[in-house]
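Open the model in your viewer and keep the selection panel at hand. Each stop below says what to select next and what is there.

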Amino acid sequence: MFEQAMEYIKHKPVDIIGIWGLGGVGKTHLLEKIQDQPNSLFDHVISVTASKECSVERIQGQIVENHKLEKADGAKNQAEIISRFLKGKSFVLLLDDLWDRIDLGAVGIPVRHPSEGQQKRKVVITTRDRKVCGLMEVRKEISVACLTDGEAWQLFQDKVEQRTLSSNPRIEALAKELVKELKGLPLALITTGRAMRAKSYPEEWEYAIGYMKKSCCDENDPISMETVFRRLKYSYDSLKNDILRECFLTCSLWPEDCVIHMEELYECWIG
């Protein structure tokens, strides 16, 4: 999928690329891999996290902060500054976790601009909803699917470690049964694998399997977002005590995808 995305990015007629799939399936990871590539095609790589409460102003704010641009009053004036900054330059905009259409022109992103000559302008979005690809007039789509059985088992083994799997003759078989219940979702495999890392009793694994079976709240859609969240909750329930759970929940005081400064978090914990 990474190679496919890079091919679209290099292909001139494709200006907007959409990566879509279930939450936790690996879309952001794919976007980060694209961002990490040394790329001589572009003057600027612009990375923005949209999230559910996305707005023109929020995207502008991230661009201004990341590229040390002048701040302006009003979205229109800010768009002019961003547009001037990008004028005559090639760039790729990586827009993560988009939930609805956003007007790139209002942000100041000159994507489809015939007067700009041969400059490469690309936008790569990730979204949970394929409809957003249509709303954004995406030219090429990449669907990110869940892992195959073999890939899922390999990822789970990497997180839980072989010494745990070999600590009891029954555990490996129980682990494979648990992996099947996680339906190939990378985020669930990673968090559950880490939570099971120190579990050396078969009864603990049987409990985890039962937990995952009960967490499926829609038989017709076993990887619905509600089911995914319930399965991720096993990692939270596996924390050692209520103090750690309280500390974790404190993070919900900040908005989604917001940077949490540790000093502020400590103060909340002390309070």
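**Stop one: helix α12**

Select α12, where Thr227, Val228, Arg231, Leu232 and Tyr234 are buried. Buried means under 20% relative accessible area, exposed means over 50%, and partly exposed is in between, with a 1.4 Å probe and protein chains only. Look down the axis of α12: its buried residues fall within an arc of 135 degrees, so they line one face of the helix. The arc is that of the directions from the helix axis to the C-beta atoms.

Now show the neighbours. The buried residues of α12 pack against α9, α10 and α11. Contact here means heavy atoms within 4.5 Å.

The 13 residues of α12, 225–237, should span 18 Å at 1.5 Å a residue, and the end C-alpha atoms are 18 Å apart, which agrees. The expected span is 1.5 Å times one less than the number of residues.

A word on the model: it is predicted, local features need pLDDT of at least 70, side-chain atom pairs count only at pLDDT 80 or more, and totals for chains, interfaces and linings use all residues. Residues are numbered from 1 along each chain as its sequence is written, and side-chain values use heavy atoms, with hydrogens and water left out.

**Stop two: the whole chain**

Zoom out. The protein has 14 helices and five strands. These are DSSP runs numbered from the N terminus: helices are H or I with at least four residues, strands are E with at least two. Along the principal axes, the C-alpha atoms fill a box of roughly 70 × 45 × 35 Å. Of the 271 residues, 42% are buried. Among contacts with a separation of 6 or more, 70% join residues 24 or more positions apart.

**Stop three: the largest pocket**

Which helix gives the largest share of the lining of the largest pocket? Return to α12: that share, seven residues, comes from α12. The pocket has a volume of about 1600 Å³. Its lining counts 44 residues, and Gly23, Gly24, Thr28, Leu187 and Leu232 lie nearest the centre. Colour α2 (27–35), β3 (91–98), α10, α12 and α13 (242–250): each supplies at least two lining residues.

How is a pocket found? On a 1 Å grid over the protein atoms alone, a pocket is an open set of points where a 1.4 Å probe fits, with protein on both sides within 12 Å along at least five of seven lines; lining residues have an atom within 4 Å of a point. Grid points are joined across faces, edges and corners, and the volume is the space filled by probe spheres set on the points.

**Stop four: helix α7 and its end**

Select residues 149–160. Ala152, Trp153, Leu155, Phe156, Gln157 and Val160 are buried in α7. Their cover includes α8 (162–165), α9 (171–181), α10 (186–195) and α11 (202–215).

Step just past α7. Glutamate 161 takes a positive phi of about 75 degrees. Glutamate 161 sits in the loop between α7 and α8 and is partly exposed, at 23% relative accessible area.

Glutamate 137 also deserves a click. Its phi is near 55 degrees, a positive value in a residue other than glycine. Find glutamate 137 in the loop between α6 (130–135) and β5 (140–143), partly exposed at 46%.

**Stop five: glycine 184**

Go to the loop between α9 and α10, where glycine 184 is found. Is glycine 184 buried or exposed? Glycine 184 is buried, with a relative accessible area of 5%. Not counting residues up to four places away in sequence, glycine 184 touches Cys146, Leu147, Ala152 and Leu189. Draw a C-alpha distance from glycine 184 to glutamate 70: 45 Å, across 114 residues of sequence.

**Stop six: isoleucine 81**

Select helix α4, residues 75–86, which holds isoleucine 81. Isoleucine 81 counts as buried at 11% relative accessibility. Leaving aside neighbours within four places in sequence, isoleucine 81 is in contact with Leu69, Glu70 and Ala72.

**Last stop: the cysteines**

Show the sulfurs. The structure holds zero disulfides, a disulfide being a pair of cysteine sulfur atoms within 2.5 Å. The sulfur of cysteine 54 is 15 Å from the closest cysteine sulfur, in cysteine 133, too far for a bond. Cysteine 54 is partly exposed at 23%, whereas cysteine 133 is buried at 1%.
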